[in-house]
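This briefing covers the strand order of the sheet and the packing of helices in the structure shown below.

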Amino acid sequence: MPVITFANTKGGAGKTTAVLLLATELARKGYRVTILDADPQHWISRWHEISGHVANLSVIDFVTTASLPVHISENKHNTDYFIVDLPGARNPLLATAVGLSDHVLIPIQGCAMDARGGAQVLELLQYLDEKAGIKIGHSVVLTRVNSMVTTRALQVVKSLLSERHVPVLDTAIIERSAFRDIFDCGGTLHTIDPTRVSNLDKARENATCFAEEIMRKLPLRLVASARMATAA
Ligand SMILES: Nc1ncnc2c1ncn2[C@@H]1O[C@H](COP(=O)(O)OP(=O)(O)OP(=O)(O)O)[C@@H](O)[C@H]1O
Ligand SMILES: [Mg+2]
């Protein structure tokens, strides 16, 4: 049961949005997903409250440094993927979550020049590797990328990352109103009213590509019980 943490110490990088897209896509494919919500704004827990039951998906709220390892250990037999949503500030939870993770995803806004919050996470990963020999898989995911044009800011961010040999996912998360609307309406990209949202097909396709790329990085055989739960 891989643990995937979304981390960027800069607020508003798109962590929570990416967590929800990944979690709902994996759950739709039949994997049992537990989201560990450590975001002080509790967006995922609020989304879960208004959404009601979402098949294969559970959310644990008020996750702290002390409770995070306990939640993982208590739920490891009923979870295929744990996804951790961290606060957007430097916080002791960062080191704990990163240390427990199989993969750390670092969302960096493709439209912003400021990649410092992402750099802090990368520094921590490098520190763990150099000082403690702990190698944790990680990748940057570019977020809020303009669907129409490649901006200069995006090119700068991309070349900076490639100079530093930082792995970047092929799939960027595009700026889409649908990704905001699911937080307001509840449910998923597949239950939302298509007449209310523009470019829903493209948003769905983007979320699917994103989840599939992560699954290729962290493959997991679909467990029979999850498959049966989806079929039911
Ligand atoms: N791909 C996207 N398309 C459209 N809006 C987006 C996208 N990603 C994020 N947003 C919007 O940007 C804002 C910040 O995003 P989000 O809450 O996901 O970031 P965060 O990194 O979790 O922030 P924090 O650090 O405060 O927890 C939100 O209003 C969200 O709706
Ligand atoms: Mg957040």
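The predicted model contains an open sheet of six strands in the order β3-β2-β4-β1-β5-β6, with parallel pairing. β3 (57–60) and β6 (137–143) are at the edges with a single partner strand each, so one side of each has no neighbour in the sheet. From one strand to the next, the twist averages 20°.

**Conventions**
- Residues are numbered from 1 along each chain as its sequence is written, and chains are lettered from A and ligands numbered from 1 in the order in which they are written.
- Because the model is predicted, local features need pLDDT of at least 70 and side-chain atom pairs count only at pLDDT 80 or more, while totals for chains, interfaces and linings use all residues.
- Helices (H or I, at least four residues) and strands (E, at least two) are DSSP runs numbered from the N terminus; strands pair if DSSP finds at least two bridges between them.
- Axes are lines fitted to C-alpha atoms, for helices over the stretch in contact, and angles run from 0 to 180 degrees between N-to-C directions.

**Strand pairing**
- Strand β2 (residues 33–37) runs parallel to β3 and is joined to β3 by four bridges.
- L36 stands opposite I60 in β3.

**Helices on the sheet**
- Helix α3 (residues 67–75) lies across β1 (3–6), β2, β3 and β4 (81–85), at about 165° to β2; contact requires C-beta atoms, placed from the backbone, within 7 Å.
- Helix α5 (residues 116–132) lies across β5 (103–109) and β6, at about 155° to β5.

**Helix pair**
- The axes of α1 (residues 15–28) and α8 (residues 200–217) come within 9 Å and cross at roughly 80°.
- The contact involves L21, L22, E25 and L26 of α1 with A207, T208, F210, A211 and I214 of α8.

Note on methods
Two residues are in contact if their C-beta atoms, placed from the backbone, lie within 7 Å.
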